[in-house]
Amino acid sequence: MKTLSVVIPALNEEKAIQGVIKAMPKKELKSLGYHTQVLVVDNGSTDKTSKLAKETGADVIFEPRKGYGRAYKTGFAAAAGEIIATADADQTYPIETIPQLVKLLNKEKLDFITTNRLDGLNSTDVMCLRNKIGNGILNLTCRMLFSLDLQDSQSGMWVFRKDLLKDLILKSDQMPFSEELKIECLYYKKCKWKEIPIEYKKRVGEVKLRGWKDGFYNWVFMTRKRFVR
Ligand SMILES: Nc1nc2c(ncn2[C@@H]2O[C@H](COP(=O)(O)OP(=O)(O)OP(=O)(O)O)[C@@H](O)[C@H]2O)c(=O)[nH]1
Ligand SMILES: [Mg+2]
């Protein structure tokens with residue numbers, strides 16, 4: 001049987017992590033021929049995230065170096081699957097749709113699927129106005145600099161072939177990792193990709209994103225990446 005690895009970065013997500021792991025559609029993936037490996041990458045949570053993740057059956061990797069991007073790099077290196085799927089540890093992403101996305105990846109022989117959270121958003125409960133504006137600016141910048149027809153450059157749910165990671169230049173260890181991975185795969189590697197709309201849900205637990213500060217940092221990173229790879 002083939003393996004699919006689900007990599008989840010988690011920092012102090014004790015309220016949400018078990019719900020994310022329990023929602024894992026292991027049976028459906030098994031019927032598609034995949035064993036599911038769930039990898040939670042913890043960067044020094046001070047709460048019970050790791051303990052609860054282990055108790056719910058996930059493999060937990062402790063990564064002492066800080067950052068969202070760093071957590072992903074460590075998780076990807078440890079992933080045994082030929083396909084990798086990702087999601088936040090905050091119950092915002094529809095984990096249950098992973099089998100559909102895997103089917104699509106295989107049917108259309110895609111290398112990378114990224115998801116679009118923004119189309120179906122109506123409540124400010126799910127994403128505040130500040131984040132919507134920030135996402136709009138980042139998406140426009142991404143379109144202008146890289147000519148990528150992406151509606152959501154900052155989405156953190158992807159399904160892709162692990163092989164694709166070879167030769168990528170991934171410098172960010174922080175939040176810009178999400179846009180950097182897409183830019184590397186879609187713009188520099190010119191892989192076969194699709195963006196799929198998903199239902200994005202209200203976060204459980206505390207936000208780790210630092211609002212305008214991270215938004216600005218992501219914008220500077222993206223702009224710089226266009227000229228200095
Ligand atoms: N391992 C690790 N995980 C992190 C770090 N910072 C954030 N995360 C996790 O990465 C995911 C994304 O962070 P969020 O706070 O949800 O940021 P966001 O998704 O942009 O913002 P929301 O829309 O409010 O959820 C969550 O699962 C966090 O727990 C970090 O430094 N290390
Ligand atoms: Mg989140």
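The legends below accompany close-up views of a predicted model.

View 1. A residue is counted here as buried if 20 or more other C-beta atoms lie within 10 Å of its own.

**View 2. The pairing of β5 with β6 and with β7.** With strand β6, which spans residues 158–161, β5 pairs in the antiparallel sense over 3 bridges, and in this pairing F112 has F160 of β6 as its bridge partner. With strand β7, residues 193–197, β5 pairs in the parallel sense over 5 bridges, and here the residue of β7 bridged to T115 is I196.

**View 3. The shell around ligand 1.** There are 20 residues around ligand 1, of which P9, N43, A71, A89 and K208 come nearest. At least two residues of the shell are supplied by each of β1 (2–10), β2 (34–42) and α4 (68–78).

**View 4. The largest nonpolar core and the surroundings of V40.** The largest nonpolar core contains 51 residues, and those with the most contacts inside it are V6, V7, I8, I17, L39, V40 and V159. When neighbours within four places in sequence are left aside, V40 is in contact with I8, A10, I17, A53, A58, V60 and A89; A89 is also one of the residues that come nearest to ligand 1.

Note on methods: Residues are numbered from 1 along each chain as its sequence is written. Chains are lettered from A and ligands numbered from 1 in the order in which they are written. This is a predicted model: local features need pLDDT of at least 70, side-chain atom pairs count only at pLDDT 80 or more; totals for chains, interfaces and linings use all residues. Two strands pair if DSSP finds at least two bridges between them. Helices (H or I, at least four residues) and strands (E, at least two) are DSSP runs, numbered from the N terminus. A residue is near a molecule or strand if its C-beta atom, placed from the backbone, lies within 6 Å of it. A nonpolar core is a set of buried Ala, Val, Leu, Ile, Met, Phe, Trp, Tyr and Cys residues joined through C-beta atoms within 7 Å. A residue is buried if 20 or more other C-beta atoms lie within 10 Å of its own, exposed if 12 or fewer, and partly exposed in between; C-beta atoms are placed from the backbone. Two residues are in contact if their C-beta atoms, placed from the backbone, lie within 7 Å.
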